[in-house]
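Biologist: Please set out how the terms used for this model follow from their definitions.

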Amino acid sequence: MGENSWNGYEHKCLFANVGKGQFIDVARPTGSDSVKDGRGVAVADFNRDGRLDLVMNNNNETPVLYLNNLRKSGNALELKLVGTQSNHDAIGAYVRLTAGGKTMTRQVEAGSGYASQMMLPVHFGLGKAEQVDTIEIRWPSGRVQLIDGQKLAPSVKGSRQLRVKEGSDLLTQLVLETR
Amino acid sequence: MSKRQKRVILYSSPLVVLLLIIGFGKLKLDQIESNAQQLAQMGQAAQKTLGEFRTGVEKFDVEKVLSCYDDQYASDREGFSEEQLQSERDGVRVYRWQPTREKPTSKPDIAAEIGRYLKTMSTVEEAKLKLDSVERIDGAEHAVIRSFLWLRGTRDANGVATRNDRARGEGKEAFETQVLFRMWLRADGNAWKIRRQEMIRGTTVTGDRRGFTDLWGRSNFYASEADGAASSAGIDFASRFNPNFLTSAWKPKTFEIIKYGPAGVSAMDYDDDGWYDVFFADGERPRLYRNRGDGTFTDATLDVGLPETMPGVNVGIFADFDNDGYKDAFFGCFTDSSRLFRNVAASPEQAARRKFVEVTDTSGIVKKGDGDFVVVASAADYDNDGDLDLYTGRYLDPRRHLPTTLFYTRNGEGNSLLRNDGNFHFTDVTREAGIDETGLTLGVAWGDYDSDNDLDMYVANDFGRDSLLRNNGNGTFSDVSKESNAFDPGYGMSSTWGDIDNDGDLDIYVSDVHSGQRWYGQAATLYKYLLTSVRQGTIFEDLPVYKEIYDHVGADWSTYGDKTVKGNALYLNDGNGKFTDVSEATNTNPYGWYWSSTMFDYDNDGRQDIYAANGWITSKSTQDL
């Protein structure tokens, strides 16, 4: 192999989805372009502020923990699902959320990427929207559950986490705040 | 292979028929040889010119850059361009390159443009000018190429830095520029000069690098600056090689680079306290860090009953296999058995404190030979019976095997579908599920792409040929890679699902390798490769593979080499069971050797973004091979 690396010291990429099928790599301007020998990457909201953080394991090196400090981040809603008929963590559930004129789809998963696992609650960026119109949950059991956005506590103006039990109308809400 | 089998494959393979037609006359054979040689020589000559150009930019040497241009240079107005601000948000500005001149350009114009552009940069940290492709070779003196300019450095923030920036004396910001040019080259003695050029597309991004904070050196999340901690908020882990690879039993003699592979990571809440914890898979000492909820992590590996060392663990999947509300743990292992741990209360009085108890021996999960070769895994309830099953992806045995091809390798140790029978017992149902995945698997991800309420699977395989497995809803799977158009022949390194276009169905992002030598992976080289294997008689060994490739790509086979090395793929789901790869159009397949990739919404704007990790460091030098 000699002196040189196969593909050494490459800058990690963060492809920002700017809509209309366009992506722009903003890893360097946002400071997330580590040149360590990246392998697994896990996404989670480690400080419960509604902004997703990253942890990356690197080969033969220390890992990188990136705390998301974006100042003008939109609001977020994180949905933690608890299965009753379905498996307890609702792995495989499909969630559609409509807010601010967008309908977003997420699935609950346990293992993807390269040897990586991300947090279970599904995360929806709401932009400037403070209210959710509807949430549709398709549980692994086949049950389809609809949640009317009007039923969410209107006092929460920013980001929140919502805990939903399969088939139950009881919703638990947790405010996600920036410290 | 028997003679009869050979004959059957030979006659049934249209690829070989094509090859025979091409190779009908001696003249044609010579043509194939000389075409491939011409491409190789042209590419090397062009790289020399681009190398000079690059050095000139790196050294702010206008004369050196200009020396790459022909004195008779003449271009349309697209020859050189200016940046136009397209968007600005949260300290990040995006500029598009646009032609600004009204008139065609000549060499003095180029001199002025380059001089002006170099002045915009304060420092250049990295300058690359890659040969993207050789589009055309016209005789001995003319050729058309595409080149890719890639710059990273710092520059003045154009007077738009905030007042706080200036107060801190910071007027500089980071920039990155990526521009694709088409260049017409002309031979000038021994060198090739740029006779004409046009900009195909170009982007510059700038920013203050404050969107994400790298916590290394900070003792907690909220430390305003690095306080000298030898950790990232308490995470003091450093990954290590698998020590087994140094023993005579496991030395990876045949496929040595395997030792650089490990390093999975998992975010999970093992104690269900609402704060996400982290597990690092490792060659020697996997570690679990508990999130204390106060902006710090603490190493809880021993506290939760995990062993001090667990050599060869490449992946940790935390999933609630007994539906008791707490995540159990599966550790996929390469050089030893994979392991299963049950999450239980630390003591009857302390239900909230958790520990892991190993149940591997009674789990029915058995190793494959003297190791398990597991690299990746994913849990899901594929049969919708209410409990979580497991799919494990294996690589090859690096002591005995090399990948059989560079583009369609199937000599892996074979993946497994493990059905949860309850009570922490699993049964390997791979065969009865109709799964025959023997690629060198580096990515497995479950996703219901056809929205029929059962989970399908995308498998990314190294050295060629990924698979989309459709769940038939009756316990079996069908390989639908071909009819779904999600057949990726690249060096698959990971796969991830997500609705990237907000149209209600799941799309796929696959990370691959985008070779810096992609320009060479063209039809001319492929013809030569086939010709050589006919002459050497190895074609018969390869025929079954060629037939499979032909079956999958049909008439497109001459671009197969290019597709193999074109890098990451973004497959948009059209909602009717078919996918379209839009990675080239969306520029989500840059040069590089990619590993994990993930879709997430980093700025909470309601659109999924992509983070993609890359690298393959095998030396201290920062230059690539």
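Biologist: Which conventions apply throughout?
Modeller: This is a predicted model, in which local features need pLDDT of at least 70 and side-chain atom pairs count only at pLDDT 80 or more, whereas totals for chains, interfaces and linings use all residues. Residues are numbered from 1 along each chain as its sequence is written, chains are lettered from A and ligands numbered from 1 in the order in which they are written, and side-chain values use heavy atoms, with hydrogens and water left out.

Biologist: Why is Thr405(B) called buried?
Modeller: Buried means under 20% relative accessible area, exposed means over 50%, and partly exposed lies in between (1.4 Å probe, protein chains only). Thr405(B) has 11% relative accessibility and therefore counts as buried. On the same criterion, buried residues make up 69% of the 179 residues in chain A and 56% of the 625 residues in chain B.

Biologist: Where is Thr405(B) placed, and which residues does Thr405(B) contact?
Modeller: Thr405(B) belongs to the loop between strand 19 (389-394) and strand 20 (416-422) of chain B. Contact means heavy atoms within 4.5 Å; leaving aside neighbours within four places in sequence, Thr405(B) is in contact with Phe463(B) and Val545(B). The C-alpha atoms of Thr405(B) and Gly439(B), 34 residues apart along the chain, are separated by 11 Å.

Biologist: How many helices and strands does chain B have, and what makes a run count as one?
Modeller: Helices (H or I, at least four residues) and strands (E, at least two) are DSSP runs, numbered from the N terminus. Chain B has ten helices and 32 strands.

Biologist: Why is chain B called as compact as a globular protein of that length?
Modeller: The radius of gyration is taken over C-alpha atoms, and the globule rule is 2.2 Å times the number of residues to the power 0.38. For 625 residues the rule gives 25 Å; chain B has 27 Å, close to that value, so chain B is as compact as a globular protein of that length. The C-alpha trace of chain B spans about 85 × 80 × 50 Å along its principal axes.

Biologist: How do you know that strand 5 and strand 6 of chain B pair?
Modeller: Two strands pair if DSSP finds at least two bridges between them. Strand 5 (residues 121-138) and strand 6 of chain B have 14 bridges in the antiparallel sense, with Val134(B) as the bridge partner of Ile145(B). These strands form a hairpin with three residues between them, where Gly139(B) in the turn has a positive phi of about 65°. Strand 6 of chain B is also joined by 15 bridges to strand 7 (residues 172-188), and the two run antiparallel; His142(B) stands opposite Arg186(B) there.

Biologist: What makes strand 6 of chain B mostly covered?
Modeller: Twelve of the 15 residues of strand 6 (residues 142-156) of chain B are buried.

Biologist: How do you know that both faces of strand 11 of chain B are covered?
Modeller: In a regular strand the side chains alternate between the two faces of the sheet. In strand 11 (residues 277-280) of chain B, Asp277(B) and Phe279(B) lie on one side, Val278(B) and Phe280(B) on the other, and all are buried. Strand 11 of chain B pairs antiparallel with strand 10 (residues 265-268) over four bridges and with strand 12 (residues 287-291) over three bridges.

Biologist: Which residues of strand 23 of chain B point each way?
Modeller: Asp456(B), Tyr458(B), Ala460(B) and Asp462(B) point one way, Met457(B), Val459(B) and Asn461(B) the other, and all are buried. Strand 23 of chain B pairs antiparallel with strand 22 (residues 440-447) over seven bridges, and Gly443(B) stands opposite Ala460(B). Three bridges join strand 23 to the antiparallel strand 24 (residues 467-471) of chain B. In the hairpin of strand 23 and strand 24 of chain B, Phe463(B) takes a positive phi near 55°; Phe463(B) is also one of the contacts of Thr405(B).
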